Amino acid sequence: PNARVMPDLLALVIAFWSIHQPRRVGLLVAWLLGLLMDAANGTLIGQHALGYAVLAFLGNGLSRRILGFPLLPQALHVLPILLATQLTMLAVRLVAGGTYPGLTFLAGSFISTALWPLVSFILLAPQRQPVNVDETTPI
């Protein structure tokens with residue numbers, strides 16, 4: 001709770017997979033992971049779940065558009081999605097009677113956006129084929 005400028009890595013992974021695999025990672029997966037995050041952080045139940053559901057909805061809806069761009073413009077398209085997620089979680093917190101954490105609360109979205117190319121490289125690494133294929137190895 002005191003690390004306001006930390007990027008939400010789970011939100012970044014949900015955004016990545018909802019953009020790259022929209023038929024497999026949807027609202028249900030995001031909602032369940034959000035409930036697990038709420039339980040792990042001890043926050044209001046449903047706060048992360050609703051935010052991650054919004055994230056998956058926007059990621060699924062914009063996946064074809066975002067995948068048409070290179071990595072850096074993709075990151076600029078992901079930024080509003082991550083900000084919408086943060087603002088949804090902030091709205092749930094404020095409606096429940098929480099305090100306003102300040103503008104530093106939104107810094108995590110900008111840091112996550114900066115990490116988008118690295119996360120994309122890491123999560124797509126298993127799908128890359130080797131340059132030199134050795135026919136004698138079984139794998």
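View 1. With a relative accessibility of 17%, Thr 88 counts as buried, because buried means under 20% relative accessible area. This view, like those that follow, is taken from a predicted model. Thr 88 lies in helix α5, and its side chain reaches the backbone oxygen of Ala 84 at a distance of 2.7 Å. When neighbours within four places in sequence are left aside, Thr 88 is in contact with Leu 50, Gly 51 and Val 54.

**View 2. Helix α3 against helix α5.** The axes of helix α3, which covers residues 47–61, and helix α5, which covers residues 71–95, come within 8 Å and cross at roughly 155 degrees. That angle makes α3 roughly antiparallel to α5, because angles over 145 degrees count as roughly antiparallel. The crossing of these two helices, α3 and α5, is right-handed. Sorted by class, the contact of α3 with α5 has 10 nonpolar, 6 polar and 1 charged residues.

**View 3. Gln 47 and its partners.** Gln 47 is found in helix α3, and at 4% relative accessibility Gln 47 counts as buried. Leaving aside its neighbours within four places in sequence, Gln 47 is in contact with Asp 38, Met 89, Val 92 and Arg 93.

**View 4. Helix α2 against helix α3.** The axes of α2 and α3 come within 7 Å and cross at roughly 150 degrees. With this angle, α2 is roughly antiparallel to α3, and the crossing of α2 and α3 is right-handed. The residues in the contact of α2 with α3 divide into 12 nonpolar, 4 polar and 1 charged.

**View 5. Leu 32 in helix α2.** Leu 32 has its place in helix α2, which covers residues 27–41. At 45% relative accessibility, Leu 32 counts as partly exposed, because that class lies between the 20% limit for buried residues and the 50% limit for exposed ones. From C-alpha to C-alpha, Leu 32 and Gly 46 are 9.7 Å apart in space, and they are 14 residues apart in sequence.

**View 6. Helix α1 against helix α3.** The axes of helix α1, which covers residues 9–20, and α3 come within 8 Å and cross at roughly 30 degrees. That makes α1 roughly parallel to α3, because angles under 35 degrees count as roughly parallel. The crossing in which α1 passes α3 is right-handed. Here Leu 10, Ala 11, Ile 14, Ala 15, Ser 18 and Ile 19 in α1 meet Tyr 52, Leu 55, Ala 56, Gly 59 and Asn 60 in α3. By class, the residues of the contact of α1 with α3 divide into 8 nonpolar, 3 polar and no charged.

**View 7. Gln 86 in helix α5.** Gln 86 has its place in helix α5 and is buried, with a relative accessible area of 10%. Not counting residues up to four places away in sequence, Gln 86 touches Phe 105, Leu 106, Gly 108 and Ser 109. Gln 86 and Ala 56 are 30 residues apart in sequence, and their C-alpha atoms are 13 Å apart in space.

**View 8. The chain as a whole.** Taken along the principal axes, the C-alpha atoms of the chain fill a box of roughly 65 × 30 × 25 Å. Buried residues make up 35% of the 139 residues in the chain. Among contacts between residues at least 6 apart in sequence, 65% join residues at least 24 apart.

How values were computed: Residues numbered from 1 in each chain as written. Predicted model: local features only at pLDDT ≥ 70, side-chain atom pairs only at ≥ 80, totals over all residues. Heavy atoms only, no water. Axes fitted to C-alpha atoms, helices over the stretch in contact; angles between N-to-C directions. Helix = DSSP H or I, 4+ residues; strand = E, 2+ residues; numbered from the N terminus. Parallel < 35°, antiparallel > 145°, perpendicular 65-115°, else oblique. Left-handed = near helix turned anticlockwise from the far one by under 90°. Nonpolar A, V, L, I, M, F, W, Y, C, P; charged D, E, K, R; others polar. Buried < 20%, exposed > 50% of the residue type's maximum accessible area, 1.4 Å probe, protein only. Contact = heavy atoms within 4.5 Å. Polar contact = N/O pair within 3.5 Å; in protein donor to acceptor, adjacent residues only side chain to side chain.
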